[in-house]
Amino acid sequence: MTTVPTARLAAVVPLFREVTDLKRVRVAHAEGSVANRSFARAWAAVLGGADEGAVAAAECAAALAGARLAGIDADVLAATGVADPDAVLRRAIDEVAGPLHPATVARVRVAPPVAVEPVAPPAFVDALRRQPRAGATAPGRPRLVVEPPEDHAEHCWAVAVLGALLADDLDADPGAVFLLGLAHHLHNAALPDAGFAGETLLGAELDPLLERLTERELAALPDPLAGRVRDLLALRADADTPVGRAFHAADVLDRVLQVHHHARAAAFTPAQALDDLDLVHAGPVTGYHDAVLAAAGL
């Protein structure tokens with residue numbers, strides 16, 4: 001069995017849970033979750049010719065900062081006149097980055113945002129932003145439906161970011177892992193997701209169908225980028241390479257963390273907000289708040 005970075009994986013799960021919660025964070029000034037929009041931004045940067053490693057570092061920095069700042073990103077900080085946006089973003093990164101490999105933290109902490117040229121994205125980018133994930137399925141059994149589903153852009157972004165954050169622990173190139181994560185569901189731009197159960201029913205049609213649909217989307221990319229993505233997609237076949245190991249670790253972690261998210265949401269209690277997170281926290285009108293809640297029986 002391939003060795004896994006046991007101690008690191010145990011340490012990063014709480015952080016990865018926060019990062020993947022950006023699938024659920026939305027803002028008034030833009031459509032889609034933070035993760036959904038970050039997926040489109042990353043593809044725009046790659047298509048604009050940015051180095052994949054630079055894009056990976058910038059998107060990992062944004063994801064780590066977003067773990068605590070949610071929808072307050074670099075653009076919001078700049079647009080609202082914050083004097084030192086970089087200081088705010090670094091503070092947010094420093095608050096959560098402790099469990100990561102030191103080299104990862106050093107690289108991400110100083111990563112500048114990647115300038116994104118206004119390029120028209122291939123159709124697969126918007127299609128994956130609209131395509132819902134199947135959730136948990138098994139051959140011959142009814143689907144377990146939980147709402148709301150994530151979309152493929154959110155999953156691909158999460159795998160790209162988590163994989164790049166684990167790359168140093170697995171001697172992988174973070175840029176390569178990131179691009180592989182972004183691209184690993186190109187076929188679902190055209191193919192609705194029926195999960196493992198549906199794939200099983202496709203039988204011998206499955207592999208040629210996925211290859212055909214993937215090549216259709218790759219045709220929309222510039223030839224050098226299409227070739228690079230095609231080479232990376234081949235590394236999904238196993239966990240024998242550093243890139244393959246980082247990718248598969250991120251993929252399975254995101255799939256299982258998504259299930260844990262639904263379980264946590266279903267088990268939510270008022271005590272978690274009122275007691276654990278001190279929802280009605282200390283302030284100038286604390287006494288009045290307490291009196292209102294006591295009178296209301298809450």
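How much of the chain over residues 125–263 is helix, and how much is strand? The views below start there.

**View 1. Residues 125–263, the stretch that UniProt labels "domain: HD" in an unreviewed entry.** Over these residues the chain is 61% helix and 0% strand, with helices (H or I, at least four residues) and strands (E, at least two) taken as DSSP runs numbered from the N terminus. UniProt positions follow the numbering used here, feature names are shortened, and annotations may be inferred rather than shown by experiment.

This is a predicted model, where local features need pLDDT of at least 70, side-chain atom pairs count only at pLDDT 80 or more, and totals for chains, interfaces and linings use all residues. Residues are numbered from 1 along each chain as its sequence is written, and side-chain values use heavy atoms, with hydrogens and water left out.

View 2. A disulfide here is a pair of cysteine sulfur atoms within 2.5 Å. The sulfur of Cys-60 has its closest cysteine sulfur in Cys-156, and at 15 Å that is too far for a bond. Cys-60 is buried at 2% relative accessibility, and Cys-156 is buried at 0% (buried means under 20% relative accessible area, exposed over 50%, partly exposed in between, with a 1.4 Å probe and protein chains only).

**View 3. Val-292 in helix H15, which spans residues 286–296.** Here you can find Val-292 partly exposed, at 39% relative accessibility.
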